[in-house]
Amino acid sequence: MATVLLFGFYCQQTNVSVSAEDNGEGKLVYVIPIENEVERGLEAFIKRTTTEAEEANADHIILEINTPGGRVDAAENIGEILQDLEVETTSFITVKALSAGSYIALNTDNIYMKPQANMGASGVITADGNAADKKAQSAWIASMRGAASSKDRDPLYAEAMANQSLDLPEYGAPEGEFLTLDANYAVEVDYAQGIVNHRTGLLNELSLANAEIIETETTVAEGLARFLTNPVVVPILLSLASIGLIVELYSPGFGIPGSIGIASLVLYFYGHIVAGLAGYETMLLLLLGLVLIIIEIFAPGGILGFIGVGAIVAALYMSTDDVGNMTMSIAIALIASIVVAVILFKTIGLEKGIFRRVILQDSTSSDLGYVSTSNRMELVGMEGVTVTPLHASGAAEFDDERLDVVSEGGFIGPNVPVKIIKVEGSRIVVREITQ
C-alpha cells in the first residue's frame, strides 16, 4: 500500500512538473519588434537586443514583424545575427513581412501569422525604384533560398518571392508576379507553423503562456539612428547641409544657414555612428572638413574650401557600405545646391557674403576721381612754340613749360606757333597756328 501511495504521489508531482513546463513557467521570453523599414539602425537594435537576451539566458526570442521591407544588406546582416543565436526564435507576422522582412522571418526557427498577415513580394528594387541588375537579383535569390533551407523549409517558395520568372498560379503568383503568401498559404506550404490572433495565442502555441516576458524597445538614440539612416532621409540631410553652406556664402559672417548645414551633417554622422556604420576616424575627417570650410568663410582663398569639401565627401563614403546609394544622395544634394546657388546669384549677385571679400567691386572711373595719369584739361586753348620738329610727336613750350606733344596732322617744324586743342591723359594734341 505504501508503495502504491508513493507511486501515486510521484505521478502527481510529475504531472504538475509537466504542466508547469507546458505553460512556460520559469522561462524567459524576449519580444523584439521589427517595424517600419529595414535599415542599418534596425540592425544595430536587433544586435543589441539579441545579445541582451543571450546574456540573460532567455529561453525564447519572439520577433513581432510588421515591415514593408528595406535594405538588403541590413536584412542579410540581421539574418546572420539570427542564425548565430543558440536561443530558439519565432517570427510573429502581425501585418506584413515583405521583401527584406520575409528574409528575416525565414531565418527564424518558427513562423506564426495573424489571419490577415502576409509575407513575400521580395524582389530587389534599387533606390530609384527600378529593378536591380541581374547580378544583385541572383545573389538575393540565393540568399532567400538559403534562408529557407537553413530552417528546413522548401526553398522553391522563397525563390518565388524574389524571382518572378517562376510560375505558381495556384498561390496567386503566375509567371511575371512575385509570390506573396497569406496566412493560409503559408501554413499550407509549411512556411508557417500556425495562425493566431494575438500574442497570447502565440504564447499558448509555444507553451510559454506563463513565461516571463521582456518587451524590448528602441532607445532614443536607436530610434533617432533608425530615422537618420533611412534611405529617404539621407539625401534630405545632405541636401540641407549643402544648401545651408551655399546660403551661408551669401550671408555676412556665420549665421543660421551655416548652422543648419553643419547640424544636418552632424545628424547624418551621428545616426550612422549609432548604427555602427561610421567610426571616430570618420568624425575626425568630418571635423577637419568643417573647420577648413569655416576658415574659408572668414578668410577666403579657395583652396581650404575645396579641401574641406573633399574631406566631407570622403567621410560620407567612409560612413556607408552602399556606394551607389551614397553617390545618388550626393548627386541630389549637389543638384539642390546648384539650383539654390543660381537663384541666389540672380537675386543677390556677388555683393554680399564671402564674395564681397574675394571679388573687386569698386571701379576706377573718372566720375569717382580715378584717372590713369594726370589729365591737364587746363592746357586746352594755350598757345606756344614748337621746340623740336614734330614728326607727329615732339616737344613744344607753353609759358616757359616744356611739354611732350603730338601734332594733329602731319609734320610741324621747329619754332612754329602751335595751339593745344585736346588733352587725353598724357597725350597733348596741338595744331599749327596759321596767319
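What follows is a short chat about one predicted model.

Me: How many helices and strands are in the chain?
Reply: The chain has 15 helices and 13 strands. This is a predicted model, so every value here is computed from predicted coordinates.

Me: And how much of the chain is buried?
Reply: Of the 435 residues in the chain, 42% are buried.

Me: What about contacts between residues at least 6 apart in sequence, what share join residues at least 24 apart?
Reply: That share is 62%.

Me: Let's go to the barrel. Which strands run in it?
Reply: The order is β9-β10-β11-β13-β12, a closed barrel of five strands with mixed pairing. From one strand to the next, the twist averages 55°.

Me: How do β10 and β11 run?
Reply: Strand β10 (residues 393–398) and β11 are antiparallel, joined by six bridges.

Me: What do β10 and β11 form, and which turn residue has a positive phi?
Reply: They form a hairpin with two residues between the strands. D399 in that turn has a positive phi of about 50°.

Me: Next, β11 and β13: parallel or antiparallel?
Reply: Parallel, with two bridges between strand β11 (residues 401–407) and strand β13 (residues 427–432). S407 is opposite V430 in β13.

Me: And how does β12 pair with β13?
Reply: Strand β12 (residues 417–424) pairs with β13 in the antiparallel sense, over six bridges. V423 stands opposite I428 in β13. β12 and β13 also form a hairpin with two residues between them, and G425 in its turn has a positive phi of about 65°.

Me: Switching to helices. At what angle do α9 and α11 pack?
Reply: Helix α9 (residues 220–228) and helix α11 (residues 256–274) pack at about 115°, and their axes are 8 Å apart. The crossing of α9 past α11 is left-handed.

Me: Which residues meet there?
Reply: From α9, A221, E222, L224, A225 and L228 meet L267, Y270, G271, H272 and V274 of α11. By class, that contact has seven nonpolar, two polar and one charged residues.

Me: How many residues of α6 are buried?
Reply: Seven of the eight residues in helix α6 (residues 155–162) are buried, so the helix is mostly covered, with buried meaning under 20% relative accessible area. The buried ones are P155, Y157, A158, E159, A160, M161 and A162.

Me: What do they pack against?
Reply: The buried residues of α6 pack against α4, β5 (118–120), α5 (134–150) and β6 (180–182).

Me: What is at the start of α6?
Reply: There, a side-chain oxygen of D154 comes to within 3.0 Å of the backbone nitrogen of L156.

Me: Now some single residues. Where is N107?
Reply: N107 lies in the loop between α4 (100–106) and β4 (110–113).

Me: Why does N107 count as buried?
Reply: Because its relative accessibility is 2%, and the cut-off for buried is under 20% relative accessible area.

Me: Which side chain makes a polar contact with the side chain of N107?
Reply: The side chain of Q83 does, at 2.7 Å.

Me: What else is N107 in contact with, leaving aside neighbours within four places in sequence?
Reply: Besides Q83, the list holds G79, L82, T89, A147 and K151.

Me: Last one: where is S329, and is it buried or exposed?
Reply: S329 sits in helix α14 (residues 323–347). S329 counts as buried because its relative accessible area is 0%.

Me: Which residues does S329 touch, not counting those up to four places away in sequence?
Reply: S329 touches V234, P235 and L238.

Note on methods: Residues are numbered from 1 along each chain as its sequence is written. This is a predicted model: local features need pLDDT of at least 70, side-chain atom pairs count only at pLDDT 80 or more; totals for chains, interfaces and linings use all residues. Side-chain values use heavy atoms; hydrogens and water are left out. Helices (H or I, at least four residues) and strands (E, at least two) are DSSP runs, numbered from the N terminus. Buried means under 20% relative accessible area, exposed over 50%, partly exposed in between (1.4 Å probe, protein chains only). A polar contact is a pair of N or O atoms within 3.5 Å; within protein, one must be able to donate a hydrogen and the other to accept it, and residues adjacent in sequence count only if both atoms are side-chain atoms. Contact means heavy atoms within 4.5 Å. Axes are lines fitted to C-alpha atoms, for helices over the stretch in contact, and angles run from 0 to 180 degrees between N-to-C directions. A crossing is left-handed if the near helix is turned anticlockwise from the far one by less than a right angle, and right-handed if clockwise. Ala, Val, Leu, Ile, Met, Phe, Trp, Tyr, Cys and Pro count as nonpolar, Asp, Glu, Lys and Arg as charged, and the others, Gly among them, as polar. Two strands pair if DSSP finds at least two bridges between them.
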